[in-house]
Amino acid sequence: MSVSNPITVTLLHTNDLHSDLEAAARIAAYVKDVRRRIPRERLLLVDCGDHADRARPETEGTNGMVNLAILKATGYEAVLPGNNEGLTFTYGELDAMYANAPFPVVCANLTLTSEGGRPAWMQPFVIIRKNGVRLGLVGLTAAFNDFYRPLGWHAADPFETARETVERVASQCDVFILLSHLGLAYDERLAREIPGIDLILGAHTHHLLERPLRIGRTFLCAAGKSGRHIGHLEIDCLPGGGVTAVRGGCVPLHDRQPDPDIVRLVAEAREDAKRNMSRPIAWLDMPLELHPHRESPLPVLLAVALRKRTGAEIGLTNNGQLLAGLPAGSVTREMLHAICPSPINPCLMRIRGHVLRRALEESLLPEFTEMPLQGFGFRGRILGTLSFDGMEVTADLRRPPYERLTEILVGGEPLDEEREYTVGTLDMFTFGAGYKGLKEGRVLRFVLPDFLRDLLAEALNDPQAVQSCLRPRWRLES
């Protein structure tokens, strides 16, 4: 076949849906429309990760099975796990989700630490034939090994894996397509440094490339986040000879009518999730209030739980992790998920006294307590003030900012500015989110697979912890 007569394959791609299930219904409707015009042997549909997000009740309450059902019903032919799948679901949950998936789950840089291999449902790459063209699909996901290791996974370096896999797969395919959940900067570097990649379909950093970006001979594509767009590409392929052109880009879906089959599937999953999450898990004799901008019992209880779980001297959280307080009476899993939806894990850090002091000073300032925050696993609205356990802090609000703390006691002793304290806190602080100085601390370990709501559930059943959270740790003078 000559260069002037290439074979055209239509490629549809999605990424970072984050369980926006209404958007999933619009995507499915778009895919159906395309399939009416383009036969299956010329059309490929793939997802590049973070389809599932446990902040969504239907995903949480079905352990991701609603996402699997949507991927299946929409007709995806290859799926890459993103960090939201790999890090917020246990291996057992992923095994249940993917074991009978009708599509290959592709990821070349994830292996099981216990065996060194991959589960039966995961492949490093897959070759899919479309209209006589062999499309080689390879998956790479972000190598967050500090988080993957406690869950029993090893994430290899994506660049080393890419080099090895290109060499291995290139001779078996006509077009090399990388499904990347690494982020735009990584994708650009891969395109510059590793020859032989025809297309990179990107994800993770939620970047939207309305038209493909070309770096050397590699085309970079990405469809943003939350299903607001779908990638729609026409690829001119040469059997045995790569790609001559890539046309198209990202199509906005905001005005697309949802597919009724997916709407019905989501409604059924909503009922299943509600049943699964309605069982009482605790009983409260009194309400536990939440005030985002000042100390209140429920975030203090979370700080108590963080300190206990990590064995730290101090437990520390931001109030914005919680969206509402809890009333007296029965507490269900559904209620805890509603007020603490973020897939954030506890961690144990060593943090110097002067860093703690600055964060505490910041937590008295509106520019921090009212700060809108997105990403880093955070699914709340604003940062909120800091609540803690193991410390007692006195502040004079009449004094200037950053000079308000008049006394800080840790375990009854004055804070040592240069000493490192063990602090049970949140993984998002290690990324420099919100109270940025806390990132200076040294991470000792991440506590997975526990979420903050799991710690709260335990603490709610501990009468001593509940009683303790009513005692103030802050003393504010004004």
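**Salt bridges, helix packing and backbone features**

Glu 60 and Arg 333 form a salt bridge, with their closest N and O atoms 3.6 Å apart. This pair links distant parts of the chain. Glu 60 belongs to helix 2 (residues 57–61), whereas Arg 333 belongs to helix 11 (residues 333–339). The two residues are 273 residues apart. The model is a predicted one. In this model, Glu 60 counts as buried, at 5% relative accessibility. Arg 333 is partly exposed, with a relative accessible area of 28%.

A search of the whole structure finds 33 salt bridges. Another of these pairs Asp 174 with Arg 134, at 3.0 Å from N to O. Asp 174 lies in the loop between helix 7 (158–169) and strand 10 (175–181), and Arg 134 lies in strand 8 (residues 133–141), so the bridge ties together parts that are 40 residues apart in sequence. Asp 174 is buried, with a relative accessible area of 7%.

Lys 308 is exposed, because its relative accessible area is 63% and exposed means over 50%. Salt bridges can also share partners. In this way Arg 54, Glu 60, Glu 93, Arg 333 and Arg 453 are joined into one network.

Helix packing was examined next. Helix 10 and helix 14 pack at an angle of about 95 degrees. Their axes are 9 Å apart. Angles of 65 to 115 degrees count as roughly perpendicular, and helix 10 and helix 14 are therefore roughly perpendicular to each other. On the helix 10 side, the contact involves Leu 298, Leu 301, Leu 302, Ala 305, Leu 306 and Arg 309. These residues meet Leu 452, Leu 455, Leu 456, Glu 458, Ala 459 and Leu 460 in helix 14. By class, the contact has 10 nonpolar, no polar and 2 charged residues.

A second pair is formed by helix 1 (residues 21–37) and helix 9 (residues 260–277). These helices pack at an angle of about 150 degrees, and their axes are 8 Å apart. That angle makes helix 1 roughly antiparallel to helix 9. The crossing of the two helices is right-handed. Helix 1 contributes Leu 21, Glu 22, Ala 24, Ala 25, Ala 28 and Lys 32 to the contact. Helix 9 contributes Asp 261, Ile 262, Val 263, Val 266 and Arg 270. The residues of this contact divide into 7 nonpolar, no polar and 4 charged.

One residue was followed in detail. Leu 356 lies in helix 12 (residues 353–362). Leu 356 is buried, with a relative accessible area of 2%. Residues up to four places away in sequence aside, Leu 356 touches Ile 314, Leu 316, Ile 351, Tyr 421 and Val 423. Leu 356 and Ala 305 are 51 residues apart along the chain, and their C-alpha atoms are separated by 19 Å.

A cis peptide bond joins Leu 448 and Pro 449, with omega at about 10 degrees. Pro 449 is found in the loop between strand 25 (442–446) and helix 14. Asp 16 is not a glycine, yet its phi is positive, at about 50 degrees. Asp 16 is in the loop between strand 1 (7–14) and helix 1. Asp 16 is buried, with a relative accessible area of 0%. His 204, a residue other than glycine, likewise has a positive phi, near 85 degrees. The loop that holds His 204 runs between strand 11 (199–202) and strand 12 (208–215). His 204 is partly exposed, with a relative accessible area of 21%.

Definitions and conventions
Residues numbered from 1 in each chain as written. Predicted model: local features only at pLDDT ≥ 70, side-chain atom pairs only at ≥ 80, totals over all residues. Heavy atoms only, no water. Helix = DSSP H or I, 4+ residues; strand = E, 2+ residues; numbered from the N terminus. Buried < 20%, exposed > 50% of the residue type's maximum accessible area, 1.4 Å probe, protein only. Contact = heavy atoms within 4.5 Å. Salt bridge = Lys/Arg side-chain N within 4 Å of Asp/Glu carboxyl O. Axes fitted to C-alpha atoms, helices over the stretch in contact; angles between N-to-C directions. Parallel < 35°, antiparallel > 145°, perpendicular 65-115°, else oblique. Nonpolar A, V, L, I, M, F, W, Y, C, P; charged D, E, K, R; others polar. Left-handed = near helix turned anticlockwise from the far one by under 90°.
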